[in-house]
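Please look at the sequence and the 3D view below before reading on.

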Amino acid sequence: MAVTEPDSSKLSPGPPELLRSEVKGRAEDSLVVTPDGNLSYFYNQAQVDYQDSGIRAGYIQIDWATNEALATGIIDSTGSVVQRPIFMEGGKEYRTDTIRYNFESKKARIKKVITKEGEGYLHGERVKKMEERVFYIRGGSFTTCSHEHPHFRLRTGKTKVISGDKIITGPAYLEMLDVPTPLV
């Protein structure tokens, strides 16, 4: 008796994981959905909200198969990047250059973030958001200067932030006007 293999065209990976609540989105220019419904693209003044989190950006792409959103700014007529992503969660706001966020796990990978933490501002080059309040930052700095490019800051290589509780860092040094000082 011959063993037959199942017809691979009839196999399906199964339904994608369903989210716990509705994802709401809008865009000023356009919203494009692929024919299979797996990808959605939001252009210009885009906003996506899920539970207590949300993203505003010039461009947002959602992959419904993985429940992930990718947000970036858009380039205007002068060649400048505008409408950079702003990620909001639990009443806090994070200004970023790029964010990839998973709605289900609530984990994120962020490039260049600025957020208010306590009485100061926390900057980071590469950030991994693991839990609701836990962030791991590479190339971080802390300052009380509110400018996007601060005049002075404490620079660190690696930082762990438990939002609203503590900031844990390795060696840090003072930097003024982009010049490192000998103070460690």
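Are Glu-89 and Lys-129 buried or exposed? Both Glu-89 and Lys-129 are buried, where buried means under 20% relative accessible area, exposed means over 50%, and partly exposed lies in between, with a 1.4 Å probe and protein chains only. This is a predicted model, in which local features need pLDDT of at least 70 and side-chain atom pairs count only at pLDDT 80 or more, while totals for chains, interfaces and linings use all residues. Residues are numbered from 1 along each chain as its sequence is written, and side-chain values use heavy atoms, with hydrogens and water left out.

**Salt bridges**

Side chains of opposite charge can pair when their charged atoms come close. The structure holds 9 salt bridges, a salt bridge being a side-chain nitrogen of Lys or Arg within 4 Å of a carboxyl oxygen of Asp or Glu. Three of these pairs are listed here.

| Glu-93 | Arg-56 | 3.8 Å |

Strands (E, at least two residues) and helices (H or I, at least four) are DSSP runs, numbered from the N terminus.

Glu-93 and Arg-56 also form a salt bridge. Because Glu-93 lies in strand β9 (residues 92-102) and Arg-56 in strand β4 (residues 53-63), the pair ties together parts that are 37 residues apart in sequence. Glu-93 is partly exposed at 41% relative accessibility, and Arg-56 is partly exposed too, at 32%.

Asp-178 sits in the loop between β15 (172-176) and β16 (179-180) and Arg-153 in strand β13 (residues 152-162), so the pair ties together parts that are 25 residues apart in sequence. Asp-178 is partly exposed at 42% relative accessibility, whereas Arg-153 counts as buried at 11%. Both residues belong to a network of salt bridges that links Arg-153, Arg-155, Glu-175 and Asp-178.

**The overall fold and its confidence**

The secondary structure of the protein comes to 0 helices and 16 strands, and buried residues make up 35% of its 184 residues. Contact here means heavy atoms within 4.5 Å; among contacts between residues at least 6 apart in sequence, 35% join residues at least 24 apart.

The mean pLDDT is 85, and 88% of the residues reach 70 or more, pLDDT being the predictor's confidence in each residue, from 0 to 100. Over residues 1-16, however, pLDDT stays under 50, and the model has 2 contacts beyond four places in sequence for this stretch. Where pLDDT is low, the predicted coordinates should not be read in detail.

**The nonpolar core**

In soluble globular proteins, nonpolar side chains tend to be buried together. A nonpolar core is a set of buried Ala, Val, Leu, Ile, Met, Phe, Trp, Tyr and Cys residues joined through side-chain atoms within 4.5 Å. The largest such core has 24 residues, of which Val-48, Ile-55, Ile-60, Ile-62, Ile-99, Tyr-101 and Phe-103 touch the most other members. At least two residues of this core come from each of β3 (39-50), β4, β5 (68-72), β9, β10 (108-117), β11 and β12 (134-143).

**Single residues**

Lys-160 is placed in strand β13 and is partly exposed, with a relative accessible area of 27%. Leaving aside neighbours within four places in sequence, Lys-160 is in contact with Val-134, Phe-135, Tyr-136, Lys-166, Ile-167 and Ile-168.

Most residues other than glycine have a negative phi. Gln-51, although not a glycine, has a positive phi of about 50°; this residue lies in the loop between β3 and β4 and is partly exposed at 43% relative accessibility. Asn-67, also not a glycine, has a positive phi of about 60°; Asn-67 lies in the loop between β4 and β5 and counts as buried at 3% relative accessibility.
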